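User: I would like to go through the salt bridges in a structure with you. Could you show it to me, please?

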Amino acid sequence: MSAAATAWAWSCDLPSTTKLILLAYAEVADHQHWAALPRAEVERCTGLSETTVRTAVAKLAEDGFVTRVDDVVR
């Protein structure tokens, strides 16, 4: 877990659903802020649908909050 990544995610001005997804990734981020968390696990831990998670992650990447490399989010 990266306390720094989690603190950063909490500080971001985002809609609640998007922030929840960002927090899920931040919770598992390593010391370099890489978060290898399958989308299905994000769906399970947040209770959100596949479409909602996919759309929010795409928006987070588009807005520069995360970078996607294959299925790894940074």
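User: In helix α4, how many residues apart are E62 and K59?
Analyst: They are three residues apart, which means a separation of about one helical turn. Helices here are DSSP runs (H or I, at least four residues), numbered from the N terminus. This is a predicted model, in which local features need pLDDT of at least 70, side-chain atom pairs count only at pLDDT 80 or more, and totals for chains, interfaces and linings use all residues. Residues are numbered from 1 along each chain as its sequence is written, and side-chain values use heavy atoms, with hydrogens and water left out.

User: What do the side chains of E62 and K59 form?
Analyst: They form a salt bridge, at 3.8 Å from N to O. The term means a side-chain nitrogen of Lys or Arg within 4 Å of a carboxyl oxygen of Asp or Glu. K59 also meets D63 in a salt bridge, at 3.3 Å.

User: Is E62 buried or exposed?
Analyst: E62 is exposed, at 62% relative accessible area, whereas K59 is partly exposed at 41%. Buried means under 20%, exposed over 50%, and partly exposed in between (1.4 Å probe, protein chains only).

User: New topic: how many salt bridges are there in the whole structure?
Analyst: The search finds six. One of them joins R39 and E50, at 2.9 Å from N to O. This pair links distant parts of the chain, 11 residues apart: R39 lies in helix α3 (residues 39-46) and E50 in helix α4 (residues 50-62).

User: Which residues are linked in a network of salt bridges?
Analyst: The network links R39, E43, E50 and R54.

How values were computed. Helix = DSSP H or I, 4+ residues; strand = E, 2+ residues; numbered from the N terminus.
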